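Please look at the model below.

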Amino acid sequence: MKLGIIGTNWITVQFVQAAEATGAFTLAAVYSRRQETAQHFVDETHDAAIYTDLEAFFASPIDVVYIASPNGLHAGQAIAALKAGKHAIVEKPMVTDAHQLAALEAAQANYPDHMVFEAARQVYDPNFAVIKDYVAAHRSALIGATLTYAKYSSRYDAYLAGKDPNIFSPRFGGGALMDLGVYSVYVAVGWFGMPQHVVYLPDVLKSGVDGSGVASLTYDFGNVTLLMGKNYTTQAPSEIYFGKTTLAFGPTGVLDNVHTFGETAQSLSQPQAKSPMADEAAFFAKALTTGDRQAAATAFALAKQVHTVMSDLRATTDIRFNTDPE
Ligand SMILES: NC(=O)c1ccc[n+]([C@@H]2O[C@H](COP(=O)([O-])OP(=O)(O)OC[C@H]3O[C@@H](n4cnc5c(N)ncnc54)[C@H](OP(=O)(O)O)[C@@H]3O)[C@@H](O)[C@H]2O)c1
């Protein structure tokens, strides 16, 4: 399949490498706002057609578009891809508000021959399934969890120096919840299902988005607390509590070192791929090459639940994005 890309930062280089390693994708088209940036990207990867006009890019003979633009642009670009007859692989967060989610879902229904995937990479890590199975097998003992992902961002230095990086700006839906919290919401919904009640307590920066925050998800079995931040780093593990036994692992975006302690102590970690994007790329390749719409629909259904919770969490705060509807 011919792959086109939007967004020319390091994450796209990593995705192109992982996608091409599957053998199912070849980079064919690069969109950038600037010719020189696209040229630099092509030089770093390999030859491909360059576009600085989005319409021309979407009209080009590509099969799949990988979208790694600023968050608030994802949904509109994914819808444009579907309308142009392409499949779309959209970086997290796939949408930044409930209206975008509804519009993307409607477009997906109108263009059923083309698939939309959210690049929620840790869902495809084998340890995601290990933890999911453990939770399902021990559900009756489950009483709560603490899920962590906080990493000091180099762009926070730029923000403090008076610059306005997208990820610390409300312009395109930045902030800790949208950037890192989404990983924790993904695993919470993926393992425990939809919460009954949610609340988010953000530490709001002067720019208007959250530098860090704590979310609480209430379930019938107890509470799940999410710690997220882009202005500090934590090594606090993620933990799921089953009374006498605790299941622990690394940050929700990494899912390493899965083990239990307490009444039973065992390591449950599966070997992880070298590239953090290899597993998702393999999943997208298989679903697309075999036309597995059910796999795409199942992944989209989880994404829909996740972004419903994301939107409900933000609704408990004063954080507003420029891309929100009036
Ligand atoms: N899955 C992961 O592990 C992972 C890791 C990092 C990032 N991400 C996701 O990837 C996406 C991109 O992240 P990033 O940090 O690369 O974001 P970014 O640097 O703010 O922007 C990404 C790209 O969008 C274009 N862009 C920048 N500002 C723009 C503007 N004002 N209007 C239109 N286009 C603009 C730029 O490409 P051109 O200059 O070429 O147009 C840039 O390379 C985000 O959604 C993020 O959540 C995922």
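**The ligand and its surroundings**

Among the 22 residues around the ligand, those that come nearest are T8, S32, N71, K92 and R155; a residue is near a molecule if one of its heavy atoms lies within 4 Å of it. The model is predicted, so local features need pLDDT of at least 70 and side-chain atom pairs count only at pLDDT 80 or more, while totals for chains, interfaces and linings use all residues. Residues are numbered from 1 along each chain as its sequence is written, and side-chain values use heavy atoms, with hydrogens and water left out.

For R155, an N or O atom in the side chain is 2.6 Å from a ligand oxygen. K92 places a backbone N or O atom 2.8 Å from an oxygen atom of the ligand, and N166 has a polar side-chain atom 2.8 Å from a ligand oxygen. Taken alone, the ligand exposes 890 Å², of which the protein buries 82% (Shrake-Rupley method, 1.4 Å probe).

Which elements give two or more residues to the shell around the ligand? They are helix 1 (10-21) and helix 8 (176-192), helices being DSSP runs of H or I with at least four residues. Domain 1 (2-119) and domain 2 (123-272) both contribute to the shell, so the ligand lies between them; the bounds come from an automatic or database domain assignment.

**Two backbone features**

Most peptide bonds are trans, and most residues other than glycine have a negative phi. K92 and P93 are joined by a cis peptide bond, with omega about -15 degrees. P93 is in the loop between strand 5 (87-91) and helix 5 (98-110), strands being DSSP runs of E with at least two residues. L255, which is not a glycine, has a positive phi of about 55 degrees.

Definitions and conventions:
A polar contact is a pair of N or O atoms within 3.5 Å; within protein, one must be able to donate a hydrogen and the other to accept it, and residues adjacent in sequence count only if both atoms are side-chain atoms.
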